[in-house]
Amino acid sequence: MPPKIESPTDVERWFRAQAAGLWPAALGSLSLRKSPCMRDHCAACARGEQHVSYVLYGRIRGRRIAIYVPDELEREIQRALKNGRALQDLLYEAGRRYTNAVKHQRTHAQESEK
Ligand SMILES: [Zn+2]
């Protein structure tokens, strides 16, 4: 909770400091998908077993996207998604604090004109 009445500049400074630690950041969902591989004459694919791999799903300007994620990068992408959720929470809080700050600033400006 902010201890005092903040100015829009205070909110900006707070937001930039918080957001600085949240890179890499990503939004989306990481899930496992079964699919055939690119190899010719793959025994697993021939048996119909296919292969399990991670896929990052998301939406960019309304279009669905799906990106293959190699196993060894799974933890890295999970970390980015965790930061992305934290950044999203931060933006909601920024909305509240910034709105309060500009409302207070406007009220204060009107009072000093009188
Ligand atoms: Zn295969």
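Donors are N, O and S atoms within 2.8 Å of the metal (3.2 Å for Na, K and Ca), and sites may look incomplete since water is not among the atoms. The model is predicted, so local features need pLDDT of at least 70 and side-chain atom pairs count only at pLDDT 80 or more, while totals for chains, interfaces and linings use all residues. Residues are numbered from 1 along each chain as its sequence is written, and side-chain values use heavy atoms, with hydrogens and water left out.

The zinc ion has the protein donors Cys37 (SG), Cys42 (SG), Cys45 (SG) and His51 (NE2), at 2.0 to 2.3 Å. The angles among the four donor atoms are 102 to 115°, and the site is tetrahedral. Ideal angles for four tetrahedral donors are 109.5 degrees. Along the chain, the donors show the spacing C-x4-C-x2-C-x5-H. Cysteine 37 has a relative accessible area of 24% and is partly exposed (buried means under 20%, exposed over 50%, partly exposed in between; 1.4 Å probe, protein chains only). Cysteine 45, at 23%, is also partly exposed.

Strands (DSSP runs of E, at least two residues, numbered from the N terminus) pair if DSSP finds at least two bridges between them. Strand S2 (residues 51-60) and strand S3 (residues 63-69) run antiparallel and are joined by seven bridges. Tyrosine 57 is opposite alanine 66 in S3. Two residues lie between S2 and S3 in this hairpin, and arginine 61 in the turn has a positive phi of about 45°.

Methods:
Tetrahedral: all angles 85-135°; square planar, octahedral: opposite > 155°, others 65-115°. Helix = DSSP H or I, 4+ residues; strand = E, 2+ residues; numbered from the N terminus.
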